[in-house]
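Colleague: Can you take me through this model? I'd like to talk pockets, then a helix.

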Amino acid sequence: MKITVTKAALMEKLTPAMGTVSNKNTITSIEGVLIETLKDGKIQISTYDMNKGVRATLDAVSIEREGKYIINAQRFYQTVRVLPEDEITIEVNDRLNCFITSGKASFSIFAMNGQDFPNLPELTSDKGFTVSAEIIKKMIGKVTHSIAEQDNRPMLCGAFFNIKKDEIEIVSCDSFTLSKCNYKCEVGSLFDGVSVDCSFIMPGHALGELSKILGESEDEVTFYLSRKHAIVKSGDIIFFTRTIDSEYIDYNRIMPKDNDIFVTVDRERFLDGLERANIIAEEKIQGSGRSYVKIITDGQFISLSSTSVNGNVCDEMDCVHEGGDIEIGFNCRYLINSIRAAEGENIRITMSGPTRAITIEPAEEIEDFNYYYMILPVRMNEQR
């Protein structure tokens with residue numbers, strides 16, 4: 001194989017593909033990127049860690065010899081990134097020696113036969129939908145902080161997508177926090193007369209990579225859904241991942257319905273107070289564990305406080321308060337993550353008691369968009 005490509009075009013496709021390269025596997029081939037020539041003068045690159053992968057195409061400057069080979073992805077990426085000229089020539093000979101040249105600079109690394117690359121899943125389906133990339137990326141950013149990293153209930157390690165023709169809902173829950181985001185928008189069907197209504201669970205580790213691929217794109221992306229995979233096509237890049245085969249929790253049932261204490265507060269001011277309280281709350285000294293942040297309402301004021309063996313912090317701010325007063329404690333990081341993901345000038349916090357979950361919602365209606373966060377409190381120890 002001997003091909004010439006531009007550095008800019010190769011890096012544009014190679015960079016998002018690096019997120020789906022395996023580096024903790026005994027299968028050497030999936031530590032590499034598969035490079036192959038296509039009949040239409042294009043080059044195709046593929047990466048796959050057996051759970052998620054990327055396939056992308058780019059135009060070649062020239063193809064002198066066709067071929068299909070695997071090159072170690074990390075070495076290849078690092079090499080391409082530091083090459084001096086825009087045009088790069090990649091040549092693999094019969095002994096599987098790969099020569100990468102650009103200007104007067106050249107590198108030599110080993111390659112593998114492309115036939116050793118694992119088979120990729122079928123990357124099309126007759127089930128799916130189209131939607132704005134901007135909307136999907138925004139919604140993912142609102143819920144990723146509530147996805148569990150490890151849990152004996154696999155569905156909590158992903159985000160639940162509920163798709164309807166005029167609305168998208170994405171939900172995540174890690175047993176301590178719950179995040180829900182709704183967006184009223186047009187969801188296009190792949191085929192005339194075929195309903196777009198569907199639901200699936202995408203793993204948390206895949207959502208971060210999908211967000212990077214969507215980038216700042218304002219174009220539509222296409223989702224294809226197969227029995228075991230979700231495939232997302234954005235321009236010349238196809239991202240695919242295994243979905244979590246499980247029923248999602250009945251999240252509507254666990255949302256508090258009878259909270260009777262309402263606090264409306266400036267979101268940025270509340271977040272600043274939490275950041276200050278977190279300096280004390282996250283101190284971990286002599287195995288004593290982290291402290292919590294205490295929320296106290298008193299008339300039209302709300303205060304945040306935290307105490308550790310090294311000191312304490314207290315911050316009071318104005319609010320609009322309806323209902324009784326309350327003292328309630330939280331893991332400060334959970335609150336920070338939810339408030340940071342929220343948007344709008346003011347937020348509305350609802351509470352009912354020191355052992356009951358609170359909810360956070362926008363205080364003012366946002367056109368076509370809504371978010372909802374639920375956070376469980378911690379049991380406070382007044383001896384601290």
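Colleague: How do the residues lining the largest pocket divide into nonpolar, polar and charged?

Modeller: They split into 6 nonpolar, 5 polar and 4 charged. Ala, Val, Leu, Ile, Met, Phe, Trp, Tyr, Cys and Pro count as nonpolar, Asp, Glu, Lys and Arg as charged, and the others, Gly among them, as polar. This is a predicted model: local features need pLDDT of at least 70, side-chain atom pairs count only at pLDDT 80 or more, and totals for chains, interfaces and linings use all residues. Residues are numbered from 1 along each chain as its sequence is written, and side-chain values use heavy atoms, leaving out hydrogens and water.

Colleague: Which residues lie nearest the centre of the largest pocket?

Modeller: Ser-199, Phe-200, Ile-201, Ile-244 and Ser-246, out of 15 lining residues. Strand E15 (residues 198-203) gives the largest share of the lining, 3 residues. Strands (E, at least two residues) and helices (H or I, at least four) are DSSP runs, numbered from the N terminus.

Colleague: Switching to helix H2. Which of its residues are buried?

Modeller: In H2 (residues 73-82), Ala-73, Phe-76, Tyr-77, Thr-79 and Val-80 are buried (under 20% relative accessible area, 1.4 Å probe, protein chains only). They sit on the same side of H2, because their arc around the axis is only 165 degrees (taken from the directions from the helix axis to the C-beta atoms).

Colleague: And which residues are exposed on the other side of H2?

Modeller: Arg-75 and Val-82; exposed means over 50%.

Colleague: What happens at the start of H2?

Modeller: A side-chain oxygen of Asn-72 comes within 3.3 Å of the backbone nitrogen of Gln-74.

Note on methods:
On a 1 Å grid over the protein atoms alone, a cavity is a set of points where a 1.4 Å probe fits but cannot get out, and a pocket is an open set with protein on both sides within 12 Å along at least five of seven lines; lining residues have an atom within 4 Å of a point. A polar contact is a pair of N or O atoms within 3.5 Å; within protein, one must be able to donate a hydrogen and the other to accept it, and residues adjacent in sequence count only if both atoms are side-chain atoms.
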